[in-house]
Amino acid sequence: MDMPEATWKAHEKHAQVTVKSDLPDSVYAFPKQRKEPLTDAQHVRNAVARFDQVIDVFDADRALAFANIEKAASYYDVNLTEASWHALGIHPQKNRKEAAAKRAVTRERRVQS
């Protein structure tokens, strides 16, 4: 499978953005799903770290996301050691949604205490 052409574009309005919906699709690693914004070097590193946590996407989406991450990494001078999206993984942790729900309940209890 050929590597898709990256759709990522630098977004200079980063400091003024207050909500996720203010960002254009072109700033995301996964533009169709609007997942993993690539607005600075730290977000690029986060996208790499969380790549396998994105659920309900096809291999083509992952290939595009990796191309976007590579382009953003080059722009923000982030060193990527991975040469392919396959190195980042495709299997999110089991029971992720249930674990997130438990964490939310725990968080609420702490806030109420």
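Helix α1 (residues 41-49) packs against helix α2 (residues 59-75) at an angle of about 150°, and their axes lie 9 Å apart. Axes here are lines fitted to C-alpha atoms over the stretch in contact, and angles run from 0 to 180 degrees between N-to-C directions. That angle makes α1 roughly antiparallel to α2, a label for angles over 145 degrees. The crossing of the two helices is left-handed: the near helix is turned anticlockwise from the far one by less than a right angle.

This is a predicted model, where local features need pLDDT of at least 70, side-chain atom pairs count only at pLDDT 80 or more, and totals for chains use all residues. Residues are numbered from 1 along each chain, and side-chain values use heavy atoms, without hydrogens or water.

Which residues in α1 and α2 meet? Val44, Ala47 and Val48 come from α1, while Ile69, Ala72 and Ala73 come from α2. The residues of this contact divide into 6 nonpolar, no polar and no charged. Val, Ala and Ile are among the residue types counted as nonpolar.

Now the whole chain. The protein chain holds 3 helices and 2 strands. Helices are DSSP runs (H or I) of at least four residues, and strands (E) of at least two. From the N terminus, the order is β-β-α-α-α.

Of the 113 residues, 29% are buried, meaning under 20% relative accessible area with a 1.4 Å probe. Among contacts (heavy atoms within 4.5 Å) between residues at least 6 apart in sequence, 54% join residues at least 24 apart. The accessible surface is about 7700 Å², and carbon and sulfur atoms account for 50% of that surface. Such areas come from the Shrake-Rupley method with a 1.4 Å probe.

Methods:
Parallel < 35°, antiparallel > 145°, perpendicular 65-115°, else oblique. Buried < 20%, exposed > 50% of the residue type's maximum accessible area, 1.4 Å probe, protein only.
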